[in-house]
Amino acid sequence: MAAAAPPASGRVFQFKLVLLGDSAVGKSSLVLRFVRGQFFEYQESTIGAAFLTQTVALNDTTVKFEIWDTAGQERYHSLAPMYYRGAAAAIVVYDITNRDTFQRGKQWVKELQRQGNPNIVIALAGNKSDLASKRKVEPEEAESYASDNGIFFMETSAKTATNVNELFVAIARKLPKNTPQPRPGGSGIVIAGQNGQAAAEAKKGCC
């Protein structure tokens, strides 16, 4: 089922968004939940990066995200600048049950602020909130860190879908919308409608 076309007066904005964070924190699961409304208990590790697209409808505008889901393994770290260069937004993901991933997330934030777009919108996502009984990072600590560093924070669960759409909508609202962006060419996964059905799917090579 295809989504209704945006109203004639509505404007479409296109932004590049990158996800960064350690392996197994749930980056791919967050993207899959947002784009397709799906969750898989066992998700294969991303190799290099995966590319998907999804739109967010705001009041009188539509935001189209070009999403780069990067690999978390250390051996792919050197590739990260290729994906976050030119990004308008970034989601730094950590696992609330693994404190090391939170510390690593801080390093990603520092790297983005040092090398990325100076106007980049950065979100810190504490994923796996469904495992709160096993948490090693309190939300107050992450909130305080985010506030001190000029970014925003949200706990999410790709498994239960908690705050996943809300995270992307919050980013869409924070992005500047001065002039309509050109509609993208290129391939990826294009989603239509709220039911998460893929309208078109194609692979996009990296490097």
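This report describes aromatic ring pairs and charge-over-ring contacts in a predicted model.

A pair of aromatic rings is described by the distance of the centres and the angle of the planes. By this rule, the count for the structure is 6 aromatic pairs. Phenylalanine 34 and phenylalanine 168 form a stacked pair, because their ring planes stand at 0°, under the 30 degrees that stacking requires. The ring centres of phenylalanine 34 and phenylalanine 168 are 3.8 Å apart. Phenylalanine 34 belongs to helix α1 (residues 27–36) and phenylalanine 168 to helix α5 (residues 164–174), so this pair ties together parts that are 134 residues apart in sequence. Phenylalanine 34 is buried, at a relative accessible area of 7%, and phenylalanine 168 is likewise buried, at 0%.

Phenylalanine 168 also pairs with phenylalanine 65, in an edge-to-face arrangement. Since phenylalanine 65 lies in strand β3 (residues 61–70) and phenylalanine 168 in helix α5, the pair ties together parts that are 103 residues apart in sequence. Both phenylalanine 65 and phenylalanine 168 are buried. Phe34, Phe65 and Phe168 together form one aromatic cluster.

The two pairs are set out below.

| Pair | Centre to centre | Angle between planes | Class |
|---|---|---|---|
| Phe34 and Phe168 | 3.8 Å | 0° | stacked |
| Phe65 and Phe168 | 6.2 Å | 65° | edge-to-face |

Charged side chains also sit over aromatic rings. The charged end of arginine 104 is placed over the ring of tryptophan 108, at 4.9 Å from its centre. Lysine 174 lies over the face of phenylalanine 152, 5.0 Å from the ring centre.

Key
Residues numbered from 1 in each chain as written. Predicted model: local features only at pLDDT ≥ 70, side-chain atom pairs only at ≥ 80, totals over all residues. Heavy atoms only, no water. Phe/Tyr/Trp six-rings, centres within 6.5 Å; stacked < 30°, edge-to-face > 60°. Helix = DSSP H or I, 4+ residues; strand = E, 2+ residues; numbered from the N terminus. Buried < 20%, exposed > 50% of the residue type's maximum accessible area, 1.4 Å probe, protein only. Lys NZ or Arg CZ within 6 Å of the ring centre and 35° of its normal.
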